[in-house]
Amino acid sequence: MPAFPFAGRCLARLAGLLAVLLVTGCASTRACENGLAASPQYQAETCTFRNPPNPDAKPTQDSWRIWSRFFFGKKEGTVPVDAIPVRPLTQAQLDALAQDANHIVRLGHSSHLLKLQGRYWLIDPVFGERVSPFSFLGPKRFHAPPLALTQLPPIEGLILSHDHYDHLDVPTIEYLKDRVQRYFVPLGVGARLVEMGVAAERITEFDWWQTGAHAGVQLTAAPAQHFSGRGLWDRNKTLWASWVLQAGGQRIFYSGDSGYFSGFAQIGERFGGFDIALMENGAYDDWWPSVHMAPAETIRAFEDLRAKALYSVHNSTFDLAFHRWQAPLAELAALAQAKGIALATPEIGEVLTVGAPRQNKLWWEGLR
């Protein structure tokens, strides 16, 4: 009798282990692509991308040790007991938002719907139930999105930071493939989208520091310290990036996934600061400190960027680490208060208008 519940627990942990494969990187490998070799980030000898040299990067544990920890390690408080608050959204509410301003709507984790000068954009949209190569196992979302895929308005542009499953979701892309005017992605990610049914002519790939424009928005792919891959054999075959969006005289920064590195200061210097910075704040751990930021590092990166407001992302939707689910928000809020930083921790479905006064709510307090 005891063997059966144990088997159930092992199956659940196996789901977690396989989910780590998605976060640590099923997809087929591709031969070295000549079109990528011109990138300074590309290593032709290995057909992979790499981070810039960083002597201050903290060492990361061996991948197999990390996977073993996910399989056998103990987790406490990583999944909420109480319901995550969600503000349902309607098309009428979105249409009523001012056309001459920039608005950001939190959809969950790192997914956002933006209304920039009257036109709609998506960043790393994930509407699927699980972030996993499998529909039946892997990290399951804590809450429903504030609106369904079928309720989305017409999308001018869709931006991806990298190809991990919690940022690039197959069911979402397959639904949106003909409903988005343009896709903006780091080098190599375009092939992923084509495999999901997106027409190649709708996709623009960027190397770091490359800039483009669409529908009144100027976009720049900027450096990040991370990695890529959707399976065991394709690590770093595609590039990862942060993004700078400029519209209506305002500058918006989105970190994507990144460990702390000197590139944040370089980005801040090049652009002269930002009106708001959407910063990674979650799924960090001492075992992988070079690819995700702890809250104190998020604060440091924000200061390097010279931004006016700090907007917390990459938390409250999926169980991807060992910290308690509230920890990223609570720790960041305490640090921001001590430094007098304007912090935005929106509820799921909340609309933030860039540059407009708002009262921030610590909505996770009191939730288990």
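Colleague: Happy to start with a surface label. Is arginine 368 buried or exposed, and why?

Modeller: Exposed, because its relative accessible area is 55% and the label applies over 50%, with buried meaning under 20% and partly exposed in between (1.4 Å probe, protein chains only). Before we go on, this is a predicted model, in which local features need pLDDT of at least 70 and side-chain atom pairs count only at pLDDT 80 or more, while totals for chains, interfaces and linings use all residues. Residues are numbered from 1 along each chain as its sequence is written, and side-chain values use heavy atoms, with hydrogens and water left out.

Colleague: Thanks! What makes the contact of arginine 368 and aspartate 82 a salt bridge?

Modeller: The N to O distance is 2.7 Å, and the rule asks for a side-chain nitrogen of Lys or Arg within 4 Å of a carboxyl oxygen of Asp or Glu, so the pair qualifies. Helices (H or I, at least four residues) and strands (E, at least two) are DSSP runs, numbered from the N terminus.

Colleague: How do you know that glutamate 350 and arginine 87 form a salt bridge?

Modeller: Their closest N and O atoms are 3.7 Å apart, so they also meet the rule. Glutamate 350 lies in the loop between β15 (342–344) and β16, and arginine 87 in the loop between α2 and α3, 263 residues apart.

Colleague: Why is glutamate 350 called buried, and what is arginine 87 called?

Modeller: Glutamate 350 has a relative accessible area of 9%, so it is buried. Arginine 87, at 37%, counts as partly exposed.

Colleague: How many salt bridges does the rule give?

Modeller: The count comes to 13.

Colleague: One last thing: why is aspartate 124 called buried?

Modeller: Its relative accessible area is 0%, so aspartate 124 is buried. Aspartate 124 lies in the loop between β5 (119–123) and β6 (155–159), and its phi is near 40 degrees, a positive value in a residue other than glycine.
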